[in-house]
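Colleague: I would like to learn how to read a few features of a model, and I would be glad if you took me through them one at a time.

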Amino acid sequence: MASVLVVEDDQFVRSALIRHLTEASHTVRSVGTALEALREVAHVGFDVVILDLGLPDLDGAEALKMLRGITDVPVIIATARDDEAEIVRLLNDGADDYLTKPFSVEHLSARMAAVLRRSRGAATGGEPPSRVLQVGGLSIDPLRRQAELDGTALDLTRREFDLLAFLAGRPGVVVPRKELLAEVWQQSYGDDQTIDVHLSWLRRKLGETAARPRYLHTLRGVGVKLEPPL
């Protein structure tokens, strides 16, 4: 059971989501505007937010950025837009997942379950290694969920940290994308675009690019590895 905030201005869709989530034993609150969503999140501890993009007062993409300024709660975007560039921007701005309308309640349930597993796994740690991981100038503490580069703290999102820590635990090893999806995203299937977006975001924070990598190296068609700079 999870505490869910539904942010949706279409009353029909909103009612259907509330009914389905309630029947699945989740606790549900709902609002129809971005400002109401921000107020709710600021005062209530939710496990997940389902966010529509076509809100009457503020575009959902802007609302997502504002949400990320005050909380790390998992956010699933529910949108009728299927533009690939926009989806990439949403992931880059902190969305944990997205669904393109119309979608089935079964699809929503599966995505919610995956997001909640990742979130709760990160919160409990799932028996993470106790030792601090050291790769070159990178220092990653899985228990405290802290990372530093050359002594400077890195401001990482939950997913960025999970990805970095997983790769740091296997320095120099090429990790297949399917393994990253299974272990970091806890999904048996998915889009490589999700991995690429988070790798790109992580590279920026490590001060590198795909063209000029220092720590993160992508082997096209094979996978990704983390190793210290030469």
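Colleague: Is glutamate 183 buried, partly exposed or exposed?

Modeller: Before that, please note that this is a predicted model, in which local features need pLDDT of at least 70, side-chain atom pairs count only at pLDDT 80 or more, and totals for chains, interfaces and linings use all residues. Residues are numbered from 1 along each chain as its sequence is written, and side-chain values use heavy atoms, with hydrogens and water left out. As for the general idea, buried means under 20% relative accessible area, exposed over 50%, and partly exposed in between (1.4 Å probe, protein chains only). Glutamate 183 has 48% relative accessibility, and therefore counts as partly exposed. Glutamate 183 belongs to helix H7, residues 177-183, where helices (H or I, at least four residues) and strands (E, at least two) are DSSP runs, numbered from the N terminus.

Colleague: At roughly what angle do the axes of helix H6 and helix H8 cross?

Modeller: Axes are lines fitted to C-alpha atoms, for helices over the stretch in contact, and angles run from 0 to 180 degrees between N-to-C directions. Here the axes of H6 (residues 158-168) and H8 (residues 192-205) cross at roughly 85° and come within 10 Å. H6 is therefore roughly perpendicular to H8, a label that covers angles of 65 to 115 degrees.

Colleague: Which residues of H6 and H8 meet?

Modeller: Contact means heavy atoms within 4.5 Å. From H6, Arg159, Glu160, Leu163 and Leu164 meet His198, Leu199, Trp201, Leu202 and Lys205 of H8.

Colleague: What should I look for in the backbone, and where does it apply here?

Modeller: Most residues other than glycine have a negative phi, and most peptide bonds are trans. In this model, a cis peptide bond with omega of about -5° joins lysine 101 and proline 102, and proline 102 sits in the loop between strand S5 (97-100) and helix H5 (105-124). Arginine 145, in the loop between strand S7 (138-141) and strand S8 (146-149), has a positive phi near 55°. Aspartate 150 also has a positive phi near 55°, and lies in the loop between S8 and strand S9 (152-153).

Colleague: Why does aspartate 150 count as exposed, and why is arginine 145 partly exposed?

Modeller: Aspartate 150 counts as exposed because its relative accessibility is 57%, whereas arginine 145 is partly exposed because its relative accessible area is 31%.

Conventions:
Parallel < 35°, antiparallel > 145°, perpendicular 65-115°, else oblique.
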